[in-house]
Structure formats: C-alpha cells, structure tokens
Amino acid sequence: MSTIALFGYHLRRMNELAPEPEGDDALFERYRACGDEDALSALLARHWARAFGLAFRVVRDPALAEDVAQESFVKLARTSGYAERGRFAAFLTSIVVNEA
C-alpha cells in the first residue's frame, strides 16, 4: 500500500474510532511493535488538529499546512521511536516544526 493510500486510510479511520483509553506512548509503542493500524489511527485522531494548527502558524497557508501535517504523520509512522517516555506530543511537535 502506498504512503498516500495508507494516510488516506488513517484519515477515514480517525472519524470511526472512539477515543482510546491508552496513552499516546502506549499507542505509539503498539504501532511500532506490531504495526497496529488502529493505534496509529487513534494517534492521528488525537493529534491531527494540533499538528495542523502548529503547521498553519508556521507556514500561514492552509493547503501547505495540511501537507506539512500529513508529511509529519508519515515521518512519525516511519520513525523507530523517541528517547523519553511521556514526551510523544513534544516529539510530534518537533517533527511538525522541522517539516514546516
């Protein structure tokens, strides 16, 4: 499945999923450990608005901000992880800022 098709799948799923009781770290670890698509979809649902808003504040263009947020989640899906537990939001923020 191509990256764009995979991302589209997650965007569709984010509206179908109920909020997960698991924390962001646990969801990310579950995705990294066994490729759980629902875990990645839950993270996307939780953090899409924040990623888009941050990207928009940096680039000041809605279409470009959407591209930046999308590419940030693609990078997140491909990464091997981050060092500090409890810092998922900070990790995602750094990806978004670097992409912008």
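**A chat about a chain of helices**

Me: Is His 47 buried or exposed?
Reply: His 47 counts as buried, because its relative accessibility is 8% and the cut-off for buried is under 20%. Please note that this is a predicted model.

Me: Where does His 47 lie?
Reply: His 47 belongs to helix H3, which covers residues 37-59.

Me: What is centred on His 47 in that helix?
Reply: A kink of about 50° in helix H3 is centred on His 47.

Me: Which side chain makes a polar contact with the side chain of His 47?
Reply: The partner is the side chain of Asp 24, at 2.9 Å.

Me: And which residues is His 47 in contact with, leaving aside neighbours within four places in sequence?
Reply: With those neighbours set aside, His 47 is in contact with Asp 24, Phe 73, Phe 88 and Leu 92.

Me: Let us turn to the ends of H3. What happens at the start of H3?
Reply: There, a side-chain oxygen of Asp 36 comes within 2.9 Å of the backbone nitrogen of Asp 38.

Me: What about the residue just after H3?
Reply: That residue is Arg 60, and its phi is positive, at about 60°.

Me: New topic, the whole chain. How many helices and strands does the chain have?
Reply: The chain has 5 helices and 0 strands. Read from the N terminus, the order of elements is α-α-α-α-α.

Me: What percentage of the residues in the chain is buried?
Reply: Of the 100 residues in the chain, 38% are buried.

Me: And among contacts between residues at least 6 apart in sequence, what share joins residues at least 24 apart?
Reply: Such contacts make up 59% of that set.

Me: How many cavities of 30 Å³ or more are found in the whole structure?
Reply: The search finds 1 cavity of 30 Å³ or more. The largest cavity has a volume of about 30 Å³.

Me: Which residues line the largest cavity?
Reply: The lining consists of His 47, Arg 50, Ala 51, Leu 54, Ala 89, Leu 92 and Thr 93. By type, these residues divide into 4 nonpolar, 2 polar and 1 charged.

Me: Which helices each supply at least two residues of that lining?
Reply: They are H3 and helix H5, which spans 88-99. The largest share, 4 residues, comes from H3.

Me: Now for Leu 76. Why does Leu 76 count as buried?
Reply: Leu 76 counts as buried because its relative accessibility is 0%. This residue lies in helix H4, residues 62-78.

Me: Which residues is Leu 76 in contact with, again leaving aside neighbours within four places in sequence?
Reply: Leu 76 is in contact with Phe 28, Phe 88, Phe 91, Leu 92 and Ile 95. As for one of these, Leu 92, its C-alpha atom is separated from that of Leu 76 by 7.3 Å, with the two residues 16 apart along the chain.

Me: Ile 95 was on that list. Where is Ile 95 found?
Reply: Ile 95 is found in helix H5. It is buried, because its relative accessible area is 11%, and the cut-off for buried is under 20%.

Me: Which residues does Ile 95 touch, not counting those up to four places away in sequence?
Reply: Ile 95 touches Ser 72, Lys 75 and Leu 76.

Me: How many residues apart in sequence are Ile 95 and Ala 69?
Reply: Ile 95 and Ala 69 are 26 residues apart in sequence, and their C-alpha atoms are 9.1 Å apart in space.

Note on methods. Residues are numbered from 1 along each chain as its sequence is written. This is a predicted model: local features need pLDDT of at least 70, side-chain atom pairs count only at pLDDT 80 or more; totals for chains, interfaces and linings use all residues. Side-chain values use heavy atoms; hydrogens and water are left out. The bend at a residue is the angle between axes fitted to the seven residues ending there and the seven starting there. A polar contact is a pair of N or O atoms within 3.5 Å; within protein, one must be able to donate a hydrogen and the other to accept it, and residues adjacent in sequence count only if both atoms are side-chain atoms. On a 1 Å grid over the protein atoms alone, a cavity is a set of points where a 1.4 Å probe fits but cannot get out, and a pocket is an open set with protein on both sides within 12 Å along at least five of seven lines; lining residues have an atom within 4 Å of a point. Grid points are joined across faces, edges and corners, and a volume is the space filled by probe spheres set on the points. Ala, Val, Leu, Ile, Met, Phe, Trp, Tyr, Cys and Pro count as nonpolar, Asp, Glu, Lys and Arg as charged, and the others, Gly among them, as polar. Buried means under 20% relative accessible area, exposed over 50%, partly exposed in between (1.4 Å probe, protein chains only). Contact means heavy atoms within 4.5 Å.
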